[in-house]
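Here is a short report on one protein model.

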Amino acid sequence: MLKYTICFLQRGNEVLMLNRRKAPQMGVWNGVGGKLESGESPETCALREIYEETGISLESIEQKGMITWNGGGGDGMYAFVATLPLDYVYETPLLTREGILDWKPFEWLVDKNNRGVAEHIKRSLPLLLNDSKNYEHRCHFNDDGYIDGFDIIPLDPIYK
């Protein structure tokens, strides 16, 4: 079982992102999420973390697979996506204890020249937001923290 969740809230062509105040990924735009508590399901964790980090209360969220690194083995995050209505009002930028929340355009987030977004997020986000299937997005980091390889592995449709 993985130890973390990562969540992306989509409103039209925008995604609510968090520029993290502390490590890991300090100063980088990333999704919201966090560590699973004892006995907590990944979905319950995702919903809790969304509420704690944004104040947004959701009834459900769609699990979209996982993002792992250096071969998996418990190192990774369950990935989730929630689609909010186009008219959903959430004023940003918003400074929170976790960092700065802001709506970012999808094209900006995945632009290859954008150094302000976590590399594994730039590579995973297109499938997470636009493909109905679940995947393992496996990142292979080198000693300097840069991605040396990135594999996309289809998961069984009943994966949870």
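## Terms and basis

Buried means a relative accessible area under 20%, exposed means over 50%, and partly exposed lies in between, with a 1.4 Å probe and protein chains only. By that rule Glu49 is buried, because its relative accessible area is 8%.

The model is predicted: local features need pLDDT of at least 70, side-chain atom pairs count only at pLDDT 80 or more, and totals for chains, interfaces and linings use all residues. Residues are numbered from 1 along each chain as its sequence is written, and side-chain values use heavy atoms, with hydrogens and water left out.

## Helix α1

Helices (H or I, at least four residues) and strands (E, at least two) are DSSP runs, numbered from the N terminus. Glu49 lies in helix α1. Contact means heavy atoms within 4.5 Å. Setting aside neighbours within four places in sequence, Glu49 is in contact with Thr5, Gly33, Gly34 and Lys35.

Thr54 is also placed in helix α1. Thr54 counts as buried because its relative accessibility is 9%. Its side chain reaches the backbone oxygen of Ile50 at 2.6 Å. A polar contact is a pair of N or O atoms within 3.5 Å; within protein, one must be able to donate a hydrogen and the other to accept it, and residues adjacent in sequence count only if both atoms are side-chain atoms. Not counting residues up to four places away in sequence, Thr54 touches Leu16, Val32, Tyr90 and Leu101.

## The largest pocket

The largest pocket has a volume of about 510 Å³. Of its 23 lining residues, Tyr4, Arg20, Pro24, Gly33 and Gly34 are the closest to the centre. By class, the lining residues divide into eight nonpolar, seven polar and eight charged.

The search runs on a 1 Å grid over the protein atoms alone. A pocket is an open set of points with protein on both sides within 12 Å along at least five of seven lines, whereas a cavity is a set where a 1.4 Å probe fits but cannot get out. Lining residues have an atom within 4 Å of a point. Grid points are joined across faces, edges and corners, and the volume is the space filled by probe spheres set on the points. Ala, Val, Leu, Ile, Met, Phe, Trp, Tyr, Cys and Pro count as nonpolar; Asp, Glu, Lys and Arg count as charged; the others, Gly among them, count as polar.

## Tyr4 and Tyr78

Tyr4 lies in strand β1. At 33% relative accessibility, Tyr4 counts as partly exposed. Beyond four places in sequence, Tyr4 touches Gly34, Lys35, Leu36, Gly76, Met77 and Tyr78. Tyr4 and Asp148 are 144 residues apart along the chain, and their C-alpha atoms are separated by 22 Å.

Tyr78 sits in strand β5. Tyr78 is buried, with a relative accessible area of 7%. The side chain of Tyr78 reaches the backbone nitrogen of Leu2 at 3.1 Å. Met66 is 12 residues from Tyr78 along the chain, with 4.3 Å between their C-alpha atoms.

## Cysteines

A disulfide is a covalent bond between the sulfur atoms of two cysteines. Here the criterion is a pair of cysteine sulfur atoms within 2.5 Å. The structure holds zero disulfides.

Cys7 is buried, with a relative accessible area of 0%. Cys45 also counts as buried, at 0% relative accessibility.

Met1 belongs to the segment before β1. Met1 is exposed, with a relative accessible area of 70%. Met1 and Asn19 are 18 residues apart in sequence and 27 Å apart in space, C-alpha to C-alpha.

Val89 is in the loop between β5 and β6. Val89 is exposed, with a relative accessible area of 60%. The C-alpha atoms of Val89 and Ile121 are separated by 25 Å, and the two residues are 32 apart along the chain. Pro93 has its place in the loop between β5 (76–84) and β6 (94–95). The peptide bond from Thr92 to Pro93 is cis, with omega near 0°.
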